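Please walk through this model with me, from its domains to its chain contacts and a pair of helices. Start by looking at the sequence and the fold.

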Amino acid sequence: MFRESGVRVQQGEHCTTVEQALSAYDSLGSEIVAVKSQIHAGGRGKGNLYCPNSGDLILEGGVKVAFSREEVEEYASKILGHKLVTKQTGPSGKMVSNLYVESGCDIAHEFYLALLIDRETESLLMMGSTEGGVDIEEVAEKTPEAIHKEWFQPSMGLDEEKAGSMADSLGLKGPSRDSFVEMAGRLASMFVDKDCSMIEINPLVLSGDGTMVALDAKVSFDDNASFRHPWWHEIRDISEESEVEVRAHEQGLSYVDLDGNIGCLVNGAGLAMATMDVIKMYGGEPANFLDIGGGADSESITAAFGIILEDPSIEGILVNIFGGIIRCDMVARSIIEASKETGLEVPLVVRFSGTNHEEGRIVLDESDLDVVTVSTLGAAGEAIVGAIGGLLE
Amino acid sequence: MSIWINEETKVLVQGITGSQGTFHSTRMVEYGTDIVGGVTPGKGGSTVTLPGRDVPVFDSMSEAISDTGATASVIYVPARFAAPAIIEAADAFHEINGGGLIICITEGIPTLDMVRVVAHIEQKDDVRLIGPNCPGIISPGEEGGCKIGIMPGYIHSKGRIGIISKSGTLTYEAVAQTMSVGEGQTTCVGIGGDPVNGTGFIDCLAAFEDDPDTEAVVMIGEIGGTAEEEAAEWAKSNFSKPLVGFVAGATAPPGKRMGHAGAIISGGKGTAEEKFAAFEEAGIHIARDPSKIGDALLEALVEAGLREP
């Protein structure tokens with residue numbers, strides 16, 4: 001994508017085996033190469049690789065510079081099939097199944113450059129820093145003045161004046177400045193054309209020959225624009241994503257897995273968050289965020305129950321519905337259906353409000369389902385946390 | 001009184017012939033909203049039957065506004081067509097009426113489309129956009145009222161509380177909370193949960209400050225961005241009425257999008273804690289449990305001498 005957009009990157013190859021890594025080394029024809037772990041998280045260079053079974057430390061650093069074929073073999077075998085733990089992966093880390101083997105680069109200076117959508121100004125923002133190759137969040141915290149910013153509109157692109165001013169802030173002069181201005185303009189166009197939500201190049205390097213090279217980058221796309229980019233499917237690696245979240249999404253559910261033991265099923269994203277907050281307030285821990293959406297039906301509610309109950313740590317379920325378009329009696333019937341199908345065995349608390357809430361409660365009360373019905377969110381939180389014996393004093 | 005809309009507001013529906021458009025147009029008319037027509041390109045000249053009235057369908061917003069005298073429009077078109085629909089409405093209202101109100105319900109509009117839309121609308125300061133990805137706006141009347149959106153009308157009642165919220169069902173929760181302490185609403189505005197949108201908290205607060213019938217406001221935020229902090233800071237010196245605030249997402253993990261495109265804590269910023277702290281610092285009465293919003297409101301009203309203890 002960078003190459004197509006005219007942004008210089010090093011030659012490199014994607015590999016999934018040690019053999020491929022070695023043949024990539026041979027074909028690149030560069031004595032020094034970088035062997036890079038490819039996972040959907042940042043902080044790889046400073047991360048460590050661990051054995052997934054024993055937990056033993058295998059390798060320090062998820063991005064290594066290899067000076068020989070032997071070193072490529074060593075690093076590739078120590079990275080592939082091992083867990084990379086970085087600041088962004090959390091302690092459980094991520095299994096590495098992909099490598100990128102890339103020609104070495106003659107580095108004169110390392111910069112940091114990012115493009116993103118700035119919510120405050122509702123425009124696009126380019127951020128640059130001379131402190132490349134390091135943890136940028138740390139730079140932002142300790143020396144915010146070292147981060148330079150230029151705002152622009154997608155319809156106008158990044159003009160030469162703004163790109164030039166960024167180059168000046170980064171201390172680039174002469175041909176390096178020209179190279180930066182050209183690259184920055186292309187990068188801004190790429191951001192807009194490909195519907196990115198973030199491009200982070202770290203490091204962006206000034207190479208020995210005075211040109212700018214994007215040595216490593218992270219790119220996120222705006223999900224909402226997927227209809228404009230059918231090719232995203234081809235480059236998407238589902239194995240890097242949460243399998244259950246992907247499956248929930250296919251059912252029209254918005255689901256995020258969390259660490260607690262109380263499953264939540266809610267209509268509306270804000271209300272779903274508020275439900276988690278209330279569970280916590282009463283001393284419980286939410287096991288998930290789950291918004292069934294405005295168009296939920298019996299089928300998606302059954303699927304939602306199934307997904308919640310897959311989590312072995314679930315000890316109780318809280319259903320919180322404020323009926324609008326969704327009718328509480330429909331949800332009640334779906335709950336009864338779903339609990340039969342999934343063989344529900346944990347305590348269930350249901351809070352209905354809004355459209356047909358009385359009817360919904362009657363449906364549940366008249367069923368043989370073991371369920372506690374309440375009318376406010378606070379009472380719901382208290383009831384479910386109480387049911388699993390976790391109420392705060 | 002109310003802000004931005006009232007029972008006299010004449011409303012157009014963009015996407016009126018679609019299933020969502022027709023369904024919600026029916027509900028809006030049932031509530032009392034004066035739906036005067038709709039727009040679906042290619043279906044101009046036809047009519048849509050709503051309770052008690054047949055309304056004309058137009059090919060363009062210009063025709064629809066000229067013909068009906070509408071001053072507001074609500075958009076139910078699919079995400080990929082929503083940005084052009086907003087821009088068409090903004091241009092038509094600006095040129096024909098010298099302004100207008102656009103409410104976009106559609107969820108899932110690409111963020112860059114919204115950046116372009118917002119930049120376009122900023123050039124036309126007589127046009128107001130509410131949303132997208134929101135439940136709409138409602139001003140309850142003595143009987144019925146004006147509802148432009150998808151919220152269940154019957155939960156509302158005319159009163160003196162203004163409500164502003166990023167979320168849909170959580171707005172309904174806030175409405176129910178005001179009702180639980182015997183208070184009705186002047187206007188409830190759902191500003192939507194997208195990272196880039198039209199009307200924000202401050203616009204709503206400013207309008208409620210100027211509305212003599214609004215005596216207190218409930219503000220419902222959620223994690224992500226800094227709109228709540230900015231609103232709190234603004235309210236300190238510009239808002240004189242009692243204010244109650246809640247923020248959803250205190251338990252949301254960082255870096256994870258919680259349903260709404262804008263609901264994400266990124267780089268450690270946009271947490272519920274920061275927002276609650278900003279609210280407290282600005283003297284806003286906070287409820288940490290949404291089922292305590294009613295209590296917080298009651299306390300705020302009593303403190304302001306607007307209700308007996």
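How many residues of domain 1 of chain B are in contact with domain 2 of chain B? Eight residues of domain 1 of chain B touch nine residues of domain 2 of chain B. Contact here requires that the C-beta atoms of two residues, placed from the backbone, lie within 7 Å.

This is a predicted model, in which local features need pLDDT of at least 70, side-chain atom pairs count only at pLDDT 80 or more, and totals for chains, interfaces and linings use all residues. Residues are numbered from 1 along each chain as its sequence is written, while chains are lettered from A and ligands numbered from 1 in the order in which they are written.

Stay with chain B. Its domain assignment gives domain 1 (10–130) and domain 2 (157–303). Such bounds come from an automatic or database domain assignment. The C-alpha centres of the two domains lie 27 Å apart. On the side of domain 1 of chain B that touches domain 2 of chain B, α4 (111–122) and β7 (127–130) of chain B each supply at least two residues. Helices (H or I, at least four residues) and strands (E, at least two) are DSSP runs, numbered from the N terminus. α4(B) gives the most to this side, with five residues. By class, the side has six nonpolar, one polar and one charged residues. Ala, Val, Leu, Ile, Met, Phe, Trp, Tyr, Cys and Pro count as nonpolar, Asp, Glu, Lys and Arg as charged, and the others, Gly among them, as polar.

Next, the two chains. In chain B, 47 residues are in contact with 45 residues of chain A. The side of chain B that touches chain A draws at least two residues from each of α3 (79–97), α4 and α5 (169–180) of chain B. Its largest share, six residues, comes from α4(B). This side divides into 24 nonpolar, 14 polar and nine charged residues.

Now zoom in on two helices. α2 (residues 61–68) of chain B packs against α3(B) at about 40°, with axes 9 Å apart. Axes are lines fitted to C-alpha atoms, for helices over the stretch in contact, and angles run from 0 to 180 degrees between N-to-C directions. That angle makes α2(B) oblique to α3(B). Under 35 degrees counts as roughly parallel, over 145 as roughly antiparallel, 65 to 115 as roughly perpendicular and the rest as oblique. The residues of this helix contact divide into six nonpolar, three polar and one charged.
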